[in-house]
Amino acid sequence: MLTLKYKDERDRALGLGGMAVSLVVWENARFLRRLSLDAPVGEGVALTPDFFPQRNQRASAKAVWTRDVEVFQTEAGMVIANLASRAYIGSREPISREMRELIVKNLAERGSEECGLEEAEVRAVADKIIGYFSQVLAYPAVASMVGEFADLLVAERSMERDRVMELLGRLERL
């Protein structure tokens, strides 16, 4: 049975590394507070309060929706980079068609709830992000960097934003 659950600690470290990569290459690292292998599953990445939209009563509906879509795309990027890192670096294989469908199914619910997106719109976003992170994480220099990052995360157990940037900051130039 296909699952998104982590196989082991190294798999989780690769996933968290992929999420950090997504934040760095999309210039959203300012939102990262820390990564932790010891945090409960689903809480391994701590983001700053600035990441979460503050509702401004004076903002237009379009501005609110645009910000909600940006947050959704960033979250989708983190989820997909997590899975792509685990697939390309951990298993040395691309994201399977079945995994793509599972990703879209999970993201479609969130996209609908958070932004009112239709499944076809979520699929288009997911396909674009999967294509992007598949290229990034399949690149040998990036794969090597993320593999080393995951090993350090296993050893250190958690990393604050500054430590993550020390190790992955070169990716900002991609």
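Start at the second largest pocket: by class, its lining has 8 nonpolar, 3 polar and 5 charged residues. (Nonpolar covers Ala, Val, Leu, Ile, Met, Phe, Trp, Tyr, Cys and Pro, charged covers Asp, Glu, Lys and Arg, and the others, Gly among them, are polar.) For your selections, residues are numbered from 1 along each chain as its sequence is written. What you have open is a predicted model, where local features need pLDDT of at least 70, side-chain atom pairs count only at pLDDT 80 or more, and totals for chains, interfaces and linings use all residues, while side-chain values use heavy atoms, without hydrogens or water.

**Stop 1: the second largest pocket**

This pocket holds about 290 Å³ of space. Select Thr3, Arg86, Ala87, Ser91 and Met99: of the 16 lining residues, these are the closest to the pocket's centre. H2 supplies the largest share of this lining, 4 residues. (A pocket is an open set of points on a 1 Å grid over the protein atoms alone, where a 1.4 Å probe fits, with protein on both sides within 12 Å along at least five of seven lines; lining residues have an atom within 4 Å of a point. The volume is the space filled by probe spheres set on the points.)

**Stop 2: the largest pocket**

Now hop over to the largest pocket, with about 610 Å³ of space. Pick out Met19, Gly42, Val79, Asn82 and Arg110, which lie nearest its centre among 24 lining residues. Next, colour H1, strand S2 (45-47), helix H2 (61-91) and helix H3 (97-115), the elements that each give two or more residues to this lining. (Helices, H or I with at least four residues, and strands, E with at least two, are DSSP runs numbered from the N terminus.) Which element gives the most to the lining of the largest pocket? That's H2, with 8 residues. By class, you'll find 14 nonpolar, 4 polar and 6 charged residues around this pocket.

**Stop 3: two helices meet**

Select helix H1 (residues 9-25) and helix H4 (residues 119-138): they pack at about 105°, their axes 12 Å apart. (Axes are lines fitted to C-alpha atoms, for helices over the stretch in contact; angles run from 0 to 180 degrees between N-to-C directions.) That makes H1 roughly perpendicular to H4, a label for angles of 65 to 115 degrees. Show the side chains of Val21, Ser22 and Val25 in H1, which meet Tyr132, Phe133, Val136 and Leu137 in H4. (Contact means heavy atoms within 4.5 Å.) This contact has 6 nonpolar residues, 1 polar and no charged.

**Stop 4: the sheet**

Here 3 strands make an open, antiparallel sheet in the order S2-S1-S3. S2 and strand S3 (158-160) are the edges, each pairing on one side only. (Two strands pair if DSSP finds at least two bridges between them.) Neighbouring strands are turned by 15° against each other on average, direction ignored.

Strand S1 (residues 32-36) pairs with S3 over 3 bridges. Click on arginine 34, opposite glutamate 160 in S3, then leucine 35, whose bridge partner in S3 is methionine 159. Another 3 bridges join S1 to S2, where leucine 32 stands opposite leucine 47.

To finish, bring the helices back. H1 lies across S1 and S2, at about 165° to S1, and helix H6 (residues 161-168) lies across S1 and S3, at about 90° to S3.

Technical notes. Angles under 35 degrees count as roughly parallel, over 145 as roughly antiparallel, 65 to 115 as roughly perpendicular and the rest as oblique.
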